[in-house]
Amino acid sequence: MECRINGDSFSFEYEMSIHEILESLELDHDRIIVEHNNVLIKKKDFNEYIVREADRLELLEFVGGG
Amino acid sequence: MFKIGPFELESRLLLGTGKFENEEIQSGAIAESGTEVLTFAVRRMNLYGKNLPNPLANVDLNDFITFPNTAGAKTAKEAVRIAEIASHAGVCDMIKVEVIGDDKTLLPDPLGTYEACRVLLEKGYIVCPYTSDDVVLARKLEELGVHAIMPLASPIGTGRGINNPLNMRYIVEQANVPVIVDAGIGSPKDACHAMELGADAVLLNTAISAAKDPVKMASAMKLGIEAGRLSYEAGRIPVKYTAQASSPADGLGFL
């Protein structure tokens, strides 16, 4: 399965939930904001949403700014 | 005390969180500034440098009024999208609407800013636009219903102080919502100047975070803002062309 994460192409062996993708990328769940095909996903739903072929994920966070 | 929308604020220093060298300095500066409002930005996570420090990760945003900015947006649509992301994440008590219209000067796009404010107000946000020091734009944004006006002192990060004090004064005098001077402040003198002109508050970032000692500068800025506010309330003397003796002119016969 190939999808785009933050604009880059990523390959996974099979379709995975958002939760599983974050685990495989070793990303901190607490900090992250996830947009799946332009829809913002709540943290509690990370297990339910399955990322499929050609899907787009944006993994965002808050950073310092003024 | 002053109010932005429903929020009652004691501190007149709003603090941006960018460009601090490390989390310890940032935490120290935040504490020393006495701020109740923190500004921050939304960005893509760096998927390849996960161990890079994110100083903001160590700040408990629950302790502050959260004031994300829409920095990076060049259109109203992008600004609205960033606001929606921050709101979704539950850290958007108020939104700093920033739509940049010129890459070189980082001056805001007045039309894009106005449009973003219109949409966000309709969606129920507490909206505070970052604007140029344009008196008419400030009035039109207020008529639109924004909760504060945030005119720049001078371009972002230049530390040039208040470029056009006359415009700033006009904006303050006509405004019925808080005026927060945002961007371009370099030193406590500038922050004090903004407050003496009657601004309700100052939003700072680089002037503190890029100072040699940010924690000490946070303290200096706090004092500058307090002094400026007190001076505004006390009412400064008018500027005169000719000297006016402070000591009595009479009683000099002994000389």
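B:Arg44 counts as partly exposed, at 43% relative accessibility; here buried means under 20% relative accessible area, exposed over 50%, and partly exposed in between, with a 1.4 Å probe and protein chains only. B:Arg44 forms a salt bridge with A:Glu58, and the closest N and O atoms are 2.7 Å apart. A:Glu58, for its part, is buried, with a relative accessible area of 18%. A:Glu58 lies in strand 7 (residues 56-64) of chain A while B:Arg44 lies in strand 4 (residues 37-44) of chain B, so this pair joins two chains. Strands (E, at least two residues) and helices (H or I, at least four) are DSSP runs, numbered from the N terminus.

All of this comes from a predicted model, where local features need pLDDT of at least 70, side-chain atom pairs count only at pLDDT 80 or more, and totals for chains, interfaces and linings use all residues. Residues are numbered from 1 along each chain as its sequence is written, chains are lettered from A and ligands numbered from 1 in the order in which they are written, and side-chain values use heavy atoms, with hydrogens and water left out. The predictor's confidence in each residue is its pLDDT, which runs from 0 to 100. Chain B has a mean pLDDT of 95, with 98% of its residues at 70 or more. For the complex, the predictor gives an ipTM of 0.91 and a pTM of 0.90.

Back to the salt bridges: searching the whole structure turns up 13 of them over all chains. One is made by the side chains of B:Glu122 and B:Arg118, at 3.1 Å from N to O. Both residues belong to helix 3 (residues 110-122) of chain B and are 4 residues apart, about one turn of the helix. An α-helix has 3.6 residues a turn, so residues three or four places apart point the same way. B:Glu122 is exposed at 63% relative accessibility, and B:Arg118 is partly exposed at 30%. Another salt bridge links the side chains of B:Lys222 and B:Glu226, at 3.8 Å from N to O. These two are also 4 residues apart, this time in helix 8 (residues 214-234) of chain B, with about one helical turn between them. B:Lys222 comes out as partly exposed at 32%, and B:Glu226 is partly exposed too, with 39%. Elsewhere, salt bridges that share partners tie B:Lys96, B:Glu98 and B:Asp182 into one network.

Next comes helix 2 of chain B. Helix 2 (residues 76-88) has 13 residues and reaches 18 Å from its first C-alpha to its last, close to the 18 Å expected at 1.5 Å a residue; the expected span is 1.5 Å times one less than the number of residues. Buried residues in this helix include B:Ala76, B:Val80, B:Ala83 and B:Ile85. What covers the buried residues of helix 2 includes strand 4 (33-36), strand 5 (39-41) and strand 7 of chain A, along with strand 4, strand 6 (95-97) and helix 3 of chain B. In the loop between helix 2 and strand 6 of chain B sits B:Ala89, partly exposed at 34% relative accessibility. Not counting residues up to four places away in sequence, B:Ala89 touches A:Ile33 and A:Phe62, contact being heavy atoms within 4.5 Å. Just after helix 2, B:Gly90 takes a positive phi of about 80°.

Finally, there is an annotated site. An unreviewed UniProt entry places the feature "binding site" at B:Gly157, B:Ala183, B:Gly184, B:Asn205 and B:Thr206; such positions are given in the numbering used here, feature names are shortened, and annotations may be inferred rather than shown by experiment. Although spread over 50 residues of sequence, these positions cluster in space, with a largest C-alpha distance of 9.4 Å. B:Ala183 lies in the loop between strand 9 (180-182) and helix 6 (188-196) of chain B and is buried, at 12% relative accessibility. Leaving aside neighbours within four places in sequence, its contacts include B:Tyr130, B:Leu152 and B:Leu203. B:Gly184 lies in the loop between strand 9 and helix 6 as well, and is buried with a relative accessible area of 5%. With neighbours within four places again left aside, B:Gly184 is in contact with residues including B:Pro155, B:Gly157 and B:Arg160.

Conventions. A salt bridge is a side-chain nitrogen of Lys or Arg within 4 Å of a carboxyl oxygen of Asp or Glu.
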